[in-house]
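Dear colleague,

Please find below the structure that I am handing over to you, followed by a summary of what was found in it.

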Amino acid sequence: MSADGASPRREIRVDASAIRQNLERMRRLVAPAQTMVVVKADGYGHGALAAARAAADAGAEWLGTADVREALALREGGTRAPILAWLHGAAPDFRTAVEAQVDVGISTLAQLEAAGAAGATVHLKVDTGLSRNGIPSSLLPRVAERAAELERTGRIRIRGVFSHLANADHEASREQLARFTAALEVLASEGVEPELRHLAASEAALTLPETRLDLVRIGIAAYGLPPDPQIDTAALGLRPAMTFAAPVVAVRRIAAGEGVSYGFTYRAERPTTVALVPLGYAEGVPRAASGRAEVAIGGVRYPVAGRIAMDQLVVDVGDDVIAVGEDAVLWGDPATGAPSAQEWADWASTIGYEIVTRVGGRALRGDG
Ligand SMILES: *Cc1c(COP(=O)(O)O)cnc(C)c1O
């Protein structure tokens, strides 16, 4: 979409320096473990290429994506860093991944054979309890034997072995770590000795040092949001990289008793001023936050009045004087007075991850 001179400026501002600084923090914290920056889902809504560049600037060694397609887009954008992609279709053809020097995560025997056919560099993914993808322990001896054979005959290179945590609690994570260690032993008994063993994503990397192993996979923390609402990211020196904002496009005075937005779930208790913001659930503003959410205008927080609609929401600014064109910030860095994406998550009964990855619609991404 290009500017037309008439449409409102709905902006997803991304501060790449925040991503870089968050990663510098994380890297200091987890050293000597290496860091893989997870840029799947378009860099959690921040722009995968911008996130990849910030990762390189921070000295992060690896990039991670879910799909190979996401990894190829990074290569097309000029990204040279090692990339791992781990979620594939039912009968994957890894030749394009191999040509682009993208490592692939392997969760099944069929994927292992596909890796052998393509000559891929792989990270074997073992299931340590999440019951999603990953090789279940019952199949591991068979897969380990075949992987070792493919490696001996030069058809694959096994660079890593990894698993993913449920982040239920520390006890459950330690149990998964024990299962991971057992899986590494099964692999070692077949002669598979990977250079990179990795388990922790943001939460465990921050809170459970023994899970850091050779490498940590950092997603949400890179973008400055907590993997768990209990974690105080600001105290850790992490700050949100995304600001989601649009200018106020209309301001009006309404009388006591007047309703606002669909269903009249909100009625003015006294004469008040309402400001119209051209962002709605089509841009990823969660409608479920209606009646609870707040928006910052001029660094002051005001309640959202009534239902969040598809294209717009209304803010009750009381008797404050707000001009058309003023910046209304839905979420950003709380240090600026804005609500955080985590607060929006709380208001919508979801997680910060969903708030930032769903942002889009007619909003355009720009530099913060
Ligand atoms: C998404 C993902 C991550 C990153 O998780 P965060 O909690 O965002 O740090 C790491 N590893 C795997 C396998 C993932 O799917």
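In which loop is Pro-32 found? Pro-32 sits in the loop between helix H1 (16-30) and strand E2 (34-38), where helices (H or I, at least four residues) and strands (E, at least two) are DSSP runs numbered from the N terminus.

Two remarks on the basis of the values come first. The model is predicted, and local features need pLDDT of at least 70, side-chain atom pairs count only at pLDDT 80 or more, and totals for chains, interfaces and linings use all residues. Residues are numbered from 1 along each chain as its sequence is written, and side-chain values use heavy atoms, with hydrogens and water left out.

Backbone geometry

The peptide bond that joins Ala-31 and Pro-32 is cis, with omega about 10 degrees. Ala-41, a residue of helix H2 (residues 40-44), has a positive phi of about 50 degrees although it is not a glycine.

The two domains

The domain assignment, whose bounds come from an automatic or database source, gives domain 1 (16-223) and domain 2 (242-367). Seven residues from domain 1 and six residues from domain 2 take part in the contact, that is, they have heavy atoms within 4.5 Å. The C-alpha centres of the two domains are 38 Å apart.

Between domain 1 and domain 2 an area of about 650 Å² is buried, and carbon and sulfur atoms give 62% of it. Buried area here is the accessible area (1.4 Å probe) that two parts lose on being put together, summed over both.

One salt bridge is counted between the domains, the criterion being a side-chain nitrogen of Lys or Arg within 4 Å of a carboxyl oxygen of Asp or Glu. Asp-42 and Arg-365 form a salt bridge in which the closest N and O atoms are 2.9 Å apart.

An open sheet

Three strands form an open sheet in the order E11-E14-E17, with antiparallel pairing; two strands pair if DSSP finds at least two bridges between them. Strand E11 (250-254) and strand E17 (313-318) are the edge strands, each pairing on one side only. On average, neighbouring strands of this sheet are turned by 30 degrees against each other, direction ignored; the axes are lines fitted to C-alpha atoms, and angles run from 0 to 180 degrees between N-to-C directions.

Five antiparallel bridges connect E11 with strand E14 (residues 272-277). Val-251 has Ala-275 in E14 as its bridge partner.

Yours sincerely
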